[in-house]
Amino acid sequence: MSKPEKIVAIKGMNDILPGDAPLWELFENTTETILKSYGYQKIVTPIVEETKLFARAIGAVTDIVEKEMYSFTDSMNGDQLTLRPEGTAGAVRAVLEHNLAYDGPKRLWYKGPMFRHERPQRGRYRQFFQFGAEAFGFSGPDIDAELIMLCRRLWDDLGIENVRLELNSIGNAEERNRHRADLIAYFERHEDLLDAEAKRRLHANPLRILDTKNPAMQEMVGGAPRLLDYLGEESLAHFEGLKKILDRNAIQYTVNPRLVRGLDYYNRTVFEWVTDELGAQGTICAGGRYDPLIEQLGGKATPAVGFAMGMERIIELMKAMGEPAAPGQCDVYMVHQGEEAQMLAFTLAERIRDAGLDVVLHCATPSGVGSFKSQMKKADASGAAFAVIIGEDEVAQGVAAVKSLRGEAGEQQQETVALENVVDHLVDQIVGGHDHDHDHVHYHP
Ligand code: HAM
């Protein structure tokens, strides 16, 4: 009989395995705590939306919409649907559909998988996770600054260094149109230097040509008219206002006049947090203002600004800094020998969980429950603070041995505790003795 074919994951779509899960959890918990501390509220939107939502929000002539979307026809009813390539469009759709901004401004956050059919490489996947924050109904630069500083606080709390902020203002539509006309004229004067992609974009999206990676075009692009020089009074005042708040709060940035972003909905502020530690895909977080979008999607004009972080990239960065002091799998590991001991351990584990502690019970495998010694090895490997040990002697005396597993082997204490006192004893030792300060992550280099 031939072996059945092995099925593997789709290219560019990754499993997050238990070994990495604690790091993800740490990152997610830290981020959620910070978002909450700034008043952001969680929203969950569907992974699938109508294709036209993304085409209209992100823009028809963008890489995402032109060539990266997982779009399909619903075979049941012929609807044109797409796996979301990003979270802003869905968040805006939900805000409009449920009239969420009716009673004043709203701060929202989301996390979840996004899908783009890109060429996979380090830091670039076809399914990837984003954490995003979007603020609706605020027009001043203070909220732009708040979003940026929220990120800064997150990098600090995660212990992430070597990340810099790039900032730009791309003005409003009218300012961009004037710039665009001059830009097209400039590129037309240098048509002999344009590559095929740039020629294709010349009239559809000339701003994106400024983003080219083609070395042969760098010098010519460097001399192109700068959008910053076309900003009117209001756009300039907004940009200056943002820079002033950042300066006052000691947030460092560089103004990058060539930062234009790959989605069409932006106006005024755009920013990216970039690191050199991850190779070519060094942008860990990106965002900006998109004041016209809500009206474009049929709502009442409402200013908006937000960002999204690439979660895989940030996890990579956390890994590059060394293993963080991993939280154990559990607080308590239950070790037992004999049928009655196992029954007692099972029930006692439930009582310890009732008290709010995490307990792993040693369970039988195809090779049995194993000796005390092999069970103790598992207990050590679990990262538990204590092993609760019940053997035949303990059953006979109505007690358990409670052994501390942290610290050097010689210093590990073992105490005999009456069964009815085990829960209190553990709570005392674990909750009483530990400071549960998860404010900052500590790394072992
Ligand atoms: P974006 O620049 O397309 O913006 O993506 C934001 C972040 O998601 C990127 O900086 C990167 O960290 C991560 N990312 C994007 N594509 C991939 C990929 N293929 N693999 C791994 N990570 C990736 C947006 O999505 C906007 N919705 C951000 C925003 C929110 N603007 C305003 N509000």
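1. Which residue in E6 does proline 113 stand opposite? Proline 113 faces phenylalanine 129 in E6, and the two strands concerned, E5 (residues 106-115) and E6 (residues 127-136), run antiparallel and are joined by 10 bridges. Strands here are DSSP runs of at least two residues (E) and helices of at least four (H or I), numbered from the N terminus.

2. The model is a predicted one, in which local features need pLDDT of at least 70 and side-chain atom pairs count only at pLDDT 80 or more, while totals for chains, interfaces and linings use all residues. Residues are numbered from 1 along each chain as its sequence is written, and side-chain values use heavy atoms, with hydrogens and water left out.

3. The open sheet has 8 strands in the order E1-E5-E6-E11-E10-E9-E7-E8, with mixed pairing, where two strands pair if DSSP finds at least two bridges between them. Strands E1 (41-42) and E8 (254-255) stand at the edges with a single partner strand each, so one side of each has no neighbour in the sheet.

4. Helix H1 (residues 21-37) packs on this sheet and touches E5, E6 and strand E11 (304-310), contact meaning heavy atoms within 4.5 Å. The direction of H1 makes about 5° with that of E6 (axes are lines fitted to C-alpha atoms, for helices over the stretch in contact, and angles between N-to-C directions run from 0 to 180 degrees). Helix H4 (residues 88-97) also packs on the sheet, touching E5 and E6, and its direction makes about 45° with that of E6.
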